[in-house]
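Morning, everyone. I have one chain to go through today. Please have a look at it while I talk.

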Amino acid sequence: MPERIKAILIGSSGNLVEWYDFYVYAAFSLYFAKAFFPAGDQTAQLLNTAAIFAVGFLMRPIGAWFFGRMADRHGRRVALTTSVLLMCFGSALVAVTPVYATIGIAAPVILLLARMIQGLSLGGEYGTSATYLSEMATSDRRGFYSSFQYVTLIGGQLAAMLVLVVLQKFVLMPAELDAWGWRIPFAIGAGLAVIAYVMRRDLHETEAFSRATRREGSLKALLAHPREVAIVVGLTLGGTLAFYTYTTYMQKFLVNTSGFAKDTATLVSASALFIYMLMQPVVGAISDVIGRRLVLIAFGVLGVLCTVPLLMTLQATKDPFAAFALIVAGLAIVSCYTAINAVVKAELFPTSVRALGVGLPYALTVALFGGTAEYVALWLKQAGRETDFYWYVTACIGVSLIVYATMRDTRDDSAINKS
């Protein structure tokens, strides 16, 4: 048991570093947007940075295929150590890239390249870490232990926000953050990724992989499970859009729509993320008792009923405490998806294609819906139709609800138990 917990903690800590590196871009884009895209108003600048953020997501399916294949053929540990090194390189590249005023159009091109590298890394991280944590957990606590993937995922976002708060409040003046201070968190992320690599080198391989007689990890092998692939796409669609709406986009929403100051928006978002992080193991443990399907249905029903009222109210509020309460309410609903979505996917596939099966259809869906959430929201706002985005999120959750209502409960029929 101590070895199992140690492996889960190390695997999770590397996940935290990967997601910190990826999300620090979103947290600091309010400061570096005009350094790479000097033309236009704030919404136009954010729209450009959101487009590059979305391109990072478009690279994730390629990363999911490459690292999922590696994990299913050569082991979970090899894929996890390689992906975190790639993230280190991407973060370091952003930290040292000259701005538009210095090298012109080459600046946003290099920024785009760095985000593509980070997208490749993160595409491999999700499926492999979800598979690793699910395989390392005992069958009766699998929902609880695997929820730590999102504890550390959210922890990475929160760490990015906290670095921003510290720099805003205690270290730098706003002008310094605009000029060069936004580089600091990317340099920190590159250093942390090196530490995560060293920790992951000594991870134990999972028993499920070690005793597997077939190690396929190919698209042909994955396509032999079309129903499972379709379930992953369907259950991810609404959940990923809701997740990115209430997390990465929310800081900008508070500034650009509700009218809060940047530092106030950061503090509100970071505080809500902390509460959200604590919710994940609780919901994961609940799913071990009542099953995964009921928890997912709760997300679907509450998401359909509450998304529009929550966002409409948040749009009009000027009170930071009210904004915090509304965001926490939205995140509590999303927790019923995030806490268990990874384990549900892992429980659908056999060991021979598990990492690829978890990662690739998920990454494709996130690229189309999660990664574009910010861009779609800002585009609709610029077009004067911001409330259409609220209905878009609701409709996507409704599609996922159909999947939740018709799928089997993977807690009781887990492919991991049959490995």
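Predicted model: local features only at pLDDT ≥ 70, side-chain atom pairs only at ≥ 80, totals over all residues.

Now the fold. The protein chain has 21 helices and 0 strands. Along the principal axes, its C-alpha atoms fill a box of roughly 60 × 45 × 40 Å. The radius of gyration is 20 Å; for 419 residues a compact globule would come out near 22 Å, so the two agree.

What about contacts along the sequence? Take pairs in contact that are at least 6 residues apart: 87% of those contacts join residues at least 24 apart.

Next, the surface. The accessible area of the protein chain is about 14,800 Å², and carbon and sulfur atoms account for 70% of that. As for burial, 61% of the 419 residues count as buried.

Which residues touch the most other members of the largest nonpolar core? They are F28, W182 and F299, in a core of 119 residues. Helix α1, residues 2-36, gives the largest share of this core, with 14 residues. Another core, of 11 residues, lies apart from it and includes I8, I10, L133 and M136.

Finally, W182. Leaving out residues up to four places away in sequence, W182 touches F28, Y31, F32, A35 and F36, and also V94, T97, V99 and L177.

Methods:
Residues numbered from 1 in each chain as written. Heavy atoms only, no water. Helix = DSSP H or I, 4+ residues; strand = E, 2+ residues; numbered from the N terminus. Rg over C-alpha atoms; globule rule 2.2 N^0.38 Å. Buried < 20%, exposed > 50% of the residue type's maximum accessible area, 1.4 Å probe, protein only. Contact = heavy atoms within 4.5 Å. Areas by Shrake-Rupley, 256 points an atom, 1.4 Å probe, with all protein chains shown as cover. Core = buried A, V, L, I, M, F, W, Y, C linked by side-chain atoms within 4.5 Å.
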